[in-house]
Every structure is written in C-alpha cells, then in structure tokens.
Amino acid sequence: MQPAQAKQTAVPQPGFARALSMRDGVAIVVGTVIGSGIFLVPGAIAMQLNSLWMVLLVWVVGGILSLFGALSLAELAAAWPGAGGLYVYLRQAYGRPIGFLYGWALLTMIQTGTIATLAAAFSLYLGKLLALTPLWAKFSGVACIAVLTLINILGVRSGKLVQNTIAICKVGGIALMVLLLFWRGHLSQLQSSLTAPFAGMTGTTTGTMTGSMTGTSPLLVSLGVALIAVLWAYEGWHMVSFTAAEFSNPMRDLPRSLLIGTSAIALIYLVCNLAYYAVLSTSALQATDRAAATAVSAAYGTGAIVAISLLILVSILGATNGAVLTGPRVYYAMGKDGVFLPQLAKLHPRFRTPVLALAVQGVWASVLTLLGNFQQLFTYVIFTAWIFYALTVAAVIVLRVKNPNVPRPYRVPFYPWLPLAFIAAAIGITLSTIMANPRNAAIGVGLILVGLPVYFIFSKLLSNRNESHSA
C-alpha cells in the first residue's frame, strides 16, 4: 500500500489593494507632472518668444495637447482598468510585442531614467542648501530613490500618503510664491511683455511679426522649439493609468483623475508664467535658466532663493515618488502576461505591492544615478515616449474597430478628431526630433528595438518551462 500523499493546494495570490480614490489620482497626476520644469524652462521659452501672448499660447497648446491625450487615455482606462496602463492598451491594440517594447523601454531607460534625473536634480538643489561634496551629492540622490522605494514597498497607502502630502505642500508653496510675486509685481511690466513683438530671440534683439530676421528663428520654428520645452514640463500625465488596478472605482475615478489633474496643471503653469512676467522683463527671463529663483530674488532679495530651493526640492520629491509608485505596475503586468520575469508579478502577501518590481526599478535607477553619464542615453530614448503616446491614443480608434462590444463607461468627446489631433501633434514632435538629430534618434530607436530579441527569448524560455510543467 502506497503512503497517502498530501494534496497540494494552490495558495491564492493576493490582489492589489483597492485603496486609491479620485483625490489620490489627482495627487498622482499633479505631483508627478509638476517637478522642476515650471521653475526652470520659462527662460528657455522666453529665448524663443518675445511676446507674453505667444508664451501663454504655447503653454495653453501644451495643456490642450496633454488634455487631449488624457481624454483619450480616459476611455482606454475605463474600458481596461487593469494594472499596467499604456502597456495594457498597447497590448490590446497591437499585440504583446509592441506592449513589451514599451515596458522594456520604460524599465531600461524612460521610467528609471526619469527617476535618476529627478534624483540628480534633488541632490543638486539639496547641495545648494547643504554644500554637499560630489560624493555626498550622489549618495543623497541614491538615498532619495531608496527611501521612496521602501515607502512604496510598504503599501500603496503609504505611497499615496506621501504623494498626497507632498502634492498639497507643493501646490500650496506655488500658490504662496505666485501671490508674493504678484504683490511685488507691476502691471506695467506685464503690459510691456504682452505688447512685445511675437518672434523669438536666439541672438539679437531685433524682430518682426513674421519672425524673419537675422539672428533669430522664424516664428513657427520658435513656436515648435518652445512647445517641445513646454511638453517636457507636462510630461508624466499618463503615469496614473499604471495604477488602475488599485482604484476603488477605476471606471469612474481614473478618467476624472486624468481630466482634473491635467486641467489643474495647465492652470498652475499659466498663473506661474504671469507671476514671473509681473516681476521680470522678457530680457531678464531670457538671461536666466532659473526663472522662479530669479523672479523671487528680484522681488525679495537673494535670501529668498533658499525658500525657492526648498519648494523645488519638495516638488522634485513629489515627482520622484509618483514615478517610483507607478512604474512597477507595468513590470508587474508584463510578468503576469508571461512576457517577462514571472517573479515581477508576485505581490507581497501583507503589503500587496510588487516588491521585486519596485526593487528592480529602484536598483537600476540608483545605478544610473551613480554612473552619472546616463543623461545622453536618456536623451536618445526619451523622444521615443512620444511614439508610444501616439500609438496609445491611436489605440482608441483601433480598439473601437477591433473590440466594438467592450463596455466603454467613458468615451472620448469629438471622436475621432480629438485623438487624431493628438496623434498628429505627437508625430510632429517625433519627426522634428528625428530631423533635428537623426543620429541620436536612430540610436534611441535602436536601443528600444533591442527589446525585441529579449521578448522572443523570454517568450521561448517561458513557453518551454510551461510545457515541461504541464508534462
């Protein structure tokens, strides 16, 4: 008689904690998008455009394009409210290889490079307050990544608490800065900026309405260059979609988070620009790459720069935490689909977070921070994000044809014109980058396409393993 064998009972895997509300989603959008851009890029935009009207126009256009993307994403998020966001939508529309390429790019450079860039900026501004040595500056950047990774490992509730707190402090700090600048600003300063010639400046001060002058860029070129800088400041509005599986009511709250968060950011950016121009002339803004610090210093003296540095530090922390929180949900979805390491799809039984995915992201982002020479690779790759944005918004159209019967609690307005407008803009940004730097663009695309053999290798290995287990 053979000994009785104990029955093997499969232990059910824990699911994500449904702990996010619309308020949390808005905090993720606002906290992730508003990093250092609004404090730094207005000077670069002033270099391209003399007139405040034109400056406000590119910020509005950037906000509208981001809102178009958010409205399109909202339809996909409501129809497929699972962890992974853009990866899930790309997989549904075009198949697993395209989805994998996006996730691969996110893990190897886009998301981790963003985190490393923010960590480097954090150490830079911390160094202005504490006079850190280069070694300690590197350590502070890595420590920032490590602490935020640990917080998010301990649960989405701890991650959202940090995100909400920082978002409130950030928006409150920006509101205080704006009020103080308007208090010391002058209406005449705003009026002179509004009545300046439209064309931008790259060298001389002369200009005309058409922008055809020696030493300056044509108006359309100047608008294009300024718009790219603006869109960099809006970067990250899509990341909240990665956390769809953790919303208590994703079909309702995720679309609202995207719409409210993106609209709030556009309003904040417009008001900040008006505050800068109330204090500084266009020429003063053109001469600085630190618009907020220069404006506050002009209004209240150099001692106030410490307050701005603290505000930027808080802002960078919020953006970093948002990136740390959201990215691992994509790697989780890839592991769950069987196209990448299956261990990434395991959730901690107590914290209900993808611990290994968070750890892998944190380690690689820390390595990039320590290397310090990743910025060039990051520059090569980051433009490819707009290729994926175009494909994702196009997925709204593709999936309406491919899966017409899938319930869509939210539908993008003005279909298909609104998605088509975003797609056209995204293609324009991508093509302008390719034409401006064809070599760098080719390297960036090549780095992303390295993911294809990785995809096929993992697919083969995991397929063989599943066959051996079933045998």
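Visitor: Which residue lies over the face of Y415?

Guide: This is a predicted model, where local features need pLDDT of at least 70, side-chain atom pairs count only at pLDDT 80 or more, and totals for chains, interfaces and linings use all residues. Residues are numbered from 1 along each chain as its sequence is written, and side-chain values use heavy atoms, with hydrogens and water left out. A charge sits over a ring if NZ of Lys or CZ of Arg is within 6 Å of the ring centre and within 35 degrees of the ring normal. At 3.8 Å from the ring centre of Y415, the residue is R400.

Visitor: Is the ring pair of F100 and Y455 stacked, edge-to-face or tilted, and why?

Guide: The structure holds 15 aromatic pairs. Rings of Phe, Tyr and Trp (its six-membered ring) pair if their centres lie within 6.5 Å; planes under 30 degrees apart count as stacked, over 60 as edge-to-face and the rest as tilted. The centres of F100 and Y455 are 5.4 Å apart and their planes are at 50°, so the pair is tilted.

Visitor: How many residues apart in sequence are the parts that F100 and Y455 tie together?

Guide: Helices here are DSSP runs (H or I, at least four residues), numbered from the N terminus. F100 lies in helix α6 (residues 96-130) and Y455 in helix α21 (residues 451-470), so the pair ties together parts that are 355 residues apart in sequence.

Visitor: Are F100 and Y455 buried or exposed?

Guide: Buried means under 20% relative accessible area, exposed over 50%, partly exposed in between (1.4 Å probe, protein chains only). F100 and Y455 belong to one aromatic cluster with W104, F340, F456 and F458. Both F100 and Y455 are buried.

Visitor: Why does S36 count as buried?

Guide: S36 sits in the loop between α1 (22-33) and α2 (37-40). Leaving aside neighbours within four places in sequence, S36 is in contact (heavy atoms within 4.5 Å) with W232 and I316. S36 counts as buried because its relative accessibility is 11%.

Technical notes
Helix = DSSP H or I, 4+ residues; strand = E, 2+ residues; numbered from the N terminus.
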